Amino acid sequence: MRIKNKYNLFLVEDCAQSHGASYKNQMTGTFGDIGCFSFYPTKNLGAYGDGGCITTNNYEIANKIKLLRNYGSSKKYFNEIQGFNSRLDELQAGLLNIKLSKYNILLTNRLKIANYYLKNIKNPLLLLPKIQDHSIHVFHLFVIQSESRDKLQAYLESFGIGTIIHYPIPPHLSSAYKELGYTIGSFPITEKFSKTILSLPLFDFMTIREAKYIVKVLNSFE
Ligand SMILES: Cc1ncc(COP(=O)(O)O)c(C=O)c1O
């Protein structure tokens with residue numbers, strides 16, 4: 001926000017993973033000019049297909065977005081600008097409304113598991129996530145780091161514990177962005193993380209019993 005204000009920038013908040021998160025009691029999605037939330041099925045507040053929403057306090061932007069999502073049209077057959085066919089499907093919206101009303105229950109369980117992990121994973125080979133001061137972290141993912149990540153992933157797999165790497169290939173090394181000219185070494189920190197990160201199981205109805213088993217296996221890794 002300091003940089004935005006200094007240079008008078010337009011700020012788009014990527015809130016894809018942060019439903020319910022806050023900093024100094026201010027919810028994500030309310031800092032920038034617009035906030036973009038994802039309702040992709042695996043997200044904390046996930047639909048049963050793709051979806052998302054944009055938050056803003058600016059009526060002009062809100063009206064423009066409403067136009068854009070509906071073929072650039074506010075009146076049937078009149079297309080004021082070129083837009084997209086990108087409305088949130090009514091069925092998804094209906095399901096999300098129900099899920100939203102239970103979101104606190106889902107989030108409380110997620111945080112219970114995340115806190116269990118934070119308190120009980122004790123292995124010097126593993127680095128745990130840190131919660132920033134004055135923040136509510138909603139743990140869409142629980143990402144740990146290990147210098148022997150691939151060995152750790154195979155070890156967990158051998159005990160029937162599935163994990164995922166979010167993400168193994170940094171964008172600047174993907175074919176899609178080849179033309180930007182970045183190579184190995186351009187972003188060493190990102191590249192290091194792509195080799196050390198591992199997302200542990202964490203889902204809506206996960207139980208402490210399941211977490212206990214995972215922690216036991218993690219603590220026995222050497
Ligand atoms: C941080 C972040 N930004 C953006 C996106 C994209 O969201 P969507 O899949 O709804 O377009 C995702 C989802 O994968 C994400 O995790």
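Start by selecting K75 and F78: K75 sits over the face of the F78 ring, 4.5 Å from the ring centre. The rule here asks for NZ of Lys or CZ of Arg within 6 Å of the ring centre and within 35 degrees of the ring normal. Before you click on, note that this is a predicted model, where local features need pLDDT of at least 70, side-chain atom pairs count only at pLDDT 80 or more, and totals for chains, interfaces and linings use all residues. Residues are numbered from 1 along each chain as its sequence is written, and side-chain values use heavy atoms, with hydrogens and water left out.

Next, the ring pairs. Rings of Phe, Tyr and Trp (its six-membered ring) pair if their centres lie within 6.5 Å; planes under 30 degrees apart are stacked, over 60 edge-to-face, the rest tilted. That rule gives five aromatic pairs. Pick F139 and F142, a stacked pair with 5.4 Å between centres and 25 degrees between planes. Both F139 and F142 are buried (under 20% relative accessible area; exposed is over 50%, partly exposed in between; 1.4 Å probe, protein chains only).

Now jump to Y155 and F221, a tilted pair because the planes stand at 55 degrees, with centres 5.3 Å apart. This one links distant parts of the chain: Y155 is in helix α5 and F221 in the segment after α7, 66 residues apart. (Helices, H or I of at least four residues, and strands, E of at least two, are DSSP runs numbered from the N terminus.) Y155 is partly exposed at 23% relative accessible area, while F221 is buried at 3%.

Go to H172, in the loop between α5 (149-158) and α6 (188-196). H172 has 9% relative accessibility, so it counts as buried. Its side chain makes a 2.7 Å polar contact with the side chain of E191. Polar contacts are N or O pairs within 3.5 Å; within protein, one atom must be able to donate a hydrogen and the other to accept it, and residues adjacent in sequence count only if both atoms are side-chain atoms.

Last stop: D204, in the loop between β8 (197-200) and α7 (208-219). At 17% relative accessibility, D204 is buried too. Look for the 3.4 Å polar contact between the side chains of D204 and R110. Beyond neighbours within four places in sequence, the contacts of D204 (heavy atoms within 4.5 Å) are N44, K99, L106, N109 and R110.
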